Amino acid sequence: MVNKALVDCIECYWDFVRVLRNKNIGFVEQVIITADQQNQYMLKHKDNYKVCLFDNRPAGFIGVVDNDIRFAVAQQYKNKGLGKWMLQQFPVTKNTIGKVKKDNLYSRQLFLSCNWTEIASNSKDFYMFKK
């Protein structure tokens, strides 16, 4: 049986989150984050993030900052249901939104399958969802 858990994003996971964030091209705003930038960011926002462990290894992360949810799954753990599981397990508020690039059909379908509702967006670049 596979063991998975959402755990606090403590300092030993900060670089994992940074590297995964830098590799993932699905984010609406794509920038390369340095280790120093990540440390400053996580000092401020670490309590807003969880890391997904799959058989006790970091496999993804999920978090909400400024009511905007963001998550990613490492390539070697994709297609195992972890993105859906994190999206279902992570607590959100009625004000939480998800933004998905219009060319990211997989993530759009993922939000819909987790009972998020697509809402109007003024952007030509991304869809927006609410729980």
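Mentor: What follows is a discussion of a predicted model, taken from the sheet to the helices and then to individual residues.

Trainee: How many strands form the sheet, and in what order?

Mentor: Seven strands form an open sheet, and the order is β1-β2-β3-β4-β5-β7-β6, with mixed pairing. The edge strands, each pairing on one side only, are β1 and β6. From one strand to the next, the twist averages 30°.

Trainee: In which sense does β4 pair with β3, and in which with β5?

Mentor: With β3, strand β4 pairs in the antiparallel sense over six bridges. With β5, the pairing of β4 is parallel and has two bridges. As reference points, Gly63 stands opposite Arg70 of β4, and Ile69 stands opposite Gly98 of β5.

Trainee: What about the hairpin of β3 and β4?

Mentor: Two residues lie between the strands of that hairpin, and Asp66 takes a positive phi near 55° there.

Trainee: Is β4 mostly covered or mostly open?

Mentor: Strand β4 is mostly covered, with five of its six residues buried.

Trainee: Now the helices. Which strands does α1 lie across?

Mentor: Helix α1 lies across β2, β3 and β4, and runs at about 80° to β3. Helix α3 also packs on the sheet, where it touches β1, β2, β3 and β4, and its direction makes about 150° with that of β4.

Trainee: Which residues of α3 are buried, and what covers them?

Mentor: In α3 (residues 82-89), the buried residues are Leu82, Gly83, Trp85, Met86 and Leu87. Their cover includes β1 (4-8), β2 (49-54), β3 (57-65), β4 (68-73) and α4 (105-113).

Trainee: Take Leu82. What does it touch?

Mentor: Not counting residues up to four places away in sequence, Leu82 touches Lys4, Cys52, Phe54, Ala59, Val73 and Tyr77. Its relative accessible area is 2%, so Leu82 is buried. Leu82 and Asn67 are 15 residues apart in sequence, and their C-alpha atoms are 21 Å apart.

Trainee: And what does Leu87 touch?

Mentor: With residues up to four places away in sequence left out, Leu87 touches Ile62, Ile69, Phe71, Leu110, Phe111, Cys114 and Trp116.

Trainee: Which residues of the largest nonpolar core touch the most other members?

Mentor: They are Cys9, Ile69, Leu87 and Phe111, in a core of 35 residues. The elements giving two or more residues to this core are α1 (14-23), β2, β3, β4, α3, α4 and β7. In soluble globular proteins, nonpolar side chains tend to be buried together.

Trainee: One last topic: at what angle do α1 and α2 pack?

Mentor: They pack at an angle of about 120°, and their axes are 10 Å apart. The crossing of α1 past α2 is right-handed. Trp14, Val17 and Arg18 of α1 make the contact with Ala35, Gln38, Asn39, Met42 and Leu43 of α2. By type, the residues of this contact divide into five nonpolar, two polar and one charged.

Trainee: Is Gln38 buried or exposed?

Mentor: Gln38, which has its place in helix α2 (residues 35-45), is buried, because its relative accessible area is 5%. Residues up to four places away in sequence aside, Gln38 touches Trp14, Val17, Arg18 and Ile33.

Notes:
Residues numbered from 1 in each chain as written. Predicted model: local features only at pLDDT ≥ 70, side-chain atom pairs only at ≥ 80, totals over all residues. Heavy atoms only, no water. Buried < 20%, exposed > 50% of the residue type's maximum accessible area, 1.4 Å probe, protein only. Helix = DSSP H or I, 4+ residues; strand = E, 2+ residues; numbered from the N terminus. Contact = heavy atoms within 4.5 Å. Core = buried A, V, L, I, M, F, W, Y, C linked by side-chain atoms within 4.5 Å. Axes fitted to C-alpha atoms, helices over the stretch in contact; angles between N-to-C directions. Left-handed = near helix turned anticlockwise from the far one by under 90°. Nonpolar A, V, L, I, M, F, W, Y, C, P; charged D, E, K, R; others polar. Pairing = 2+ DSSP bridges.
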